[in-house]
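Good morning, and thank you for coming. Please look at the sequence and the model on the screen while I take you through a few parts of the chain.

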Amino acid sequence: MASSNYIMVSFFMVVLWSCCCVLSDNTTPSPEKFYQCICNNSDFSDPFPTAFFTPNDDTFNTILNSTAQNLRCLVPSVPKPELIFTPMTEPHVQAAVICAKQLDIQLRVRSGGHDYEGISYISDMGSPFVVVDLSKLRGINVDVEENTAWAQAGATVGEVYYRISEKSKTLGFPAGLCTSLGVGGHITGGAYGSMMRKFGLGVDNVIDARIVNANGTILDRKSMGEDLFWAIRGGGGASFGIILSWKMKLVTVPSTVTCFTVAKTLEEGATKILYKWQQVADKIDDGLFMRVIINVVDKKEVKGERTVQTAYNSVFLGSADTLLQIMNESFPELGLTQKDCTEMSWIESILYIAGYPTNTPPEVLLQGKSQFKNYFKAKSDFVRQPIPETGLEGLWKRLLDEDSPLMIWNPYGGMMANISESETPFPHRKGVIFKIQYLTLWSQPDQELATKHVDWIRKLYNYMTSYASMFPREAYVNYRDLDLGMNKNVNSSSSFAQASVWGNKYFKNNFNRLVQIKTKVDPENFFRHEQSIPVLPPTFTRKRKGKRSNH
């Protein structure tokens, strides 16, 4: 049986895969022009090298690589941005938008660098682009009297958790499990974590935001209006503007929480236990988050042979005694015992679920960077009916065919089932039993090797079709998957039709409202990327106006 730390290391080696190509030509504005424009449109007056980095600079690769997580995107053959700009104040971000429009340069915005297809720092749009890296905007202000916190987009969720715990041992925030996630982009996709069944997602607990729109204006909730505030809370990153900061509503956490990781291999009855987990995962006490991490390990008894391992990696908002009572009543098949359980504080549970070694001090969260990089491809599914044992057995055969497969099954139910699908753009609510994350990882920059692993995960995804949600087959936007479709030509009238394919998978019926809001707030489609929300075609917009005028 693999240790829980090994399991978590496997999980947090999850990073980005992408194939990118950006062509430069003689019409590309020089970095110096962009710099001068920033100075003219803000109070920036420092020398160029303090916040601007070009491929000719010695520090360029260090800055680019600092939060980029897919090694395949970091090899020399991958085209790089023309410039990386690290703004130090909000007006600098405003100026970046204004100058990018004036100079006709595409912007990519990076807060934590965790986009699964790397679109926060690479581009396949065929035009020069600049990366606006928000890593210097990481201020956090916690107000324990108001039970709120403001966090700038460049802060990581780990830093947010630490600053909250620094002020209060009974307050927390329900967001990501990976502590190096950037707050800015993470929340735009939903932001799930170990307290989602009790309190919902990060987007369900955001009460204000500051954003730079396509005109370079800073807006808060009041000035942006409820439509745009709705859209940025789950509608995916970098479609409507640049998030500067979020105001979070903090939640009450108990002084004692309990964690456990119990692993079962096929030889230990993993198939039947996992089938039973599907019956209870979304119905069990909503204070319990019990995900399953599935990978392939060496058999202990037979040298040279492998087996599938399912590890139940869990956080319970309460004592071990209460947890054991719940588990004995609802899920005795797992065989949880007192010695499996460890009581700790909420902030310690953050370290536990993130895979840090026991007794790691919470101050490690202030480092704000993931230490795990690899080559990988990921996909996602939502499951609304239990997968039968025969389906699981077919899944095991396919996992055993792959070198380094990984699956994470995250339970839903609880508060997630009590929030309407249209409350935010994130629609995966009532009826979802669990979400699946599929991963394949490899360790060498070899194209044939990459093709092999990508082909494998695509075949696995096809196998799972009959067990996943249907009409649409739902997907999680924060596990971005360009296999679902891409905006081929963001300025064409076909963009809406192209985007509808993946848009309905990510957002279901909310996609149409997102498109309407995008058309209103960014009609020129300035904020765009391979899976950005498109604007309505001009002919469609004219038809809609004509219909309104006839009423």
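Is Lys 198 buried, partly exposed or exposed? With a relative accessibility of 35%, Lys 198 counts as partly exposed. Please keep in mind that we are looking at a predicted model.

Let me stay with this lysine and turn to salt bridges. Lys 198 forms a salt bridge with Asp 286, and the closest N and O atoms are 3.6 Å apart. Lys 198 belongs to helix α7, residues 196-199, while Asp 286 sits in the loop between α10 (270-280) and β13 (288-298), so this pair ties together parts that are 88 residues apart in sequence. Asp 286, at 29% relative accessibility, also counts as partly exposed.

How many salt bridges does a search of the whole structure find? The search finds 30. I shall describe two further pairs and one network.

In one of these pairs, the side chains of Lys 276 and Glu 333 meet, with 2.9 Å from N to O. This pair links distant parts of the chain: Lys 276 is in helix α10, Glu 333 is in the loop between α11 (320-330) and β15 (342-344), and they are 57 residues apart. Lys 276 is partly exposed, with a relative accessible area of 23%, and Glu 333 is partly exposed as well, at 37%.

As for the network, it is built by salt bridges that share partners, and its members are Glu 117, Lys 377, Lys 379, Arg 458, Asp 481 and Asp 483.

The other pair is Glu 226 and Arg 221, whose closest N and O atoms are 2.9 Å apart. Glu 226 has a relative accessible area of 44% and is partly exposed; Arg 221 is partly exposed too, at 28%.

I now come to the cysteines. A disulfide is a covalent bond between the sulfur atoms of two cysteines. Which cysteines does a disulfide join in this model? Cys 37 is joined to Cys 99, with 2.2 Å from S to S, and the structure holds one disulfide. The torsion about the S-S bond of Cys 37 and Cys 99 is about -95°, and therefore the disulfide is left-handed. Cys 37 lies in helix α2 (residues 31-40) and Cys 99 in helix α4 (residues 90-103), so the bond ties together parts that are 62 residues apart in sequence. Cys 37 counts as buried because its relative accessible area is 7%, below the cut-off of 20%. Cys 99 is buried at 0%.

Cys 178 is in no disulfide, and the nearest cysteine sulfur, that of Cys 259, is 17 Å away. Cys 341 is buried, with a relative accessible area of 11%.

Next, let us consider a strand. Why can strand β8 be called largely enclosed by the rest of the structure? The reason is that five of the seven residues of β8 (residues 206-212) are buried. Strand β8 runs antiparallel to strand β10 (residues 242-249), and six bridges join the two. Two bridges join β8 to strand β9 (residues 218-219), again in an antiparallel arrangement. Val 212 has a partner in each of these strands: Ile 242 in β10 and Ile 218 in β9. The hairpin of β8 and β9 has five residues between the strands, and there Gly 216 takes a positive phi near 80°.

Leu 228 lies in helix α9, residues 226-232, and counts as buried at 4% relative accessibility. Beyond its neighbours within four places in sequence, Leu 228 is in contact with Leu 219, Phe 240, Ile 517 and Val 521. The C-alpha atoms of Leu 228 and Ala 214 are separated by 12 Å, the two residues being 14 residues apart along the chain.

Where is Asp 522 placed? Asp 522 is in the loop between α16 (510-521) and α17 (538-549). Asp 522 is buried, with a relative accessible area of 2%. The side chain of Asp 522 makes a polar contact of 2.7 Å with the side chain of Lys 518. Leaving aside neighbours within four places in sequence, Asp 522 is in contact with Ala 214, Ser 239, Phe 527 and Val 535.

Thank you for your attention.

How values were computed:
Residues numbered from 1 in each chain as written. Predicted model: local features only at pLDDT ≥ 70, side-chain atom pairs only at ≥ 80, totals over all residues. Heavy atoms only, no water. Helix = DSSP H or I, 4+ residues; strand = E, 2+ residues; numbered from the N terminus. Buried < 20%, exposed > 50% of the residue type's maximum accessible area, 1.4 Å probe, protein only. Polar contact = N/O pair within 3.5 Å; in protein donor to acceptor, adjacent residues only side chain to side chain. Contact = heavy atoms within 4.5 Å. Disulfide = S-S within 2.5 Å. Salt bridge = Lys/Arg side-chain N within 4 Å of Asp/Glu carboxyl O. Pairing = 2+ DSSP bridges.
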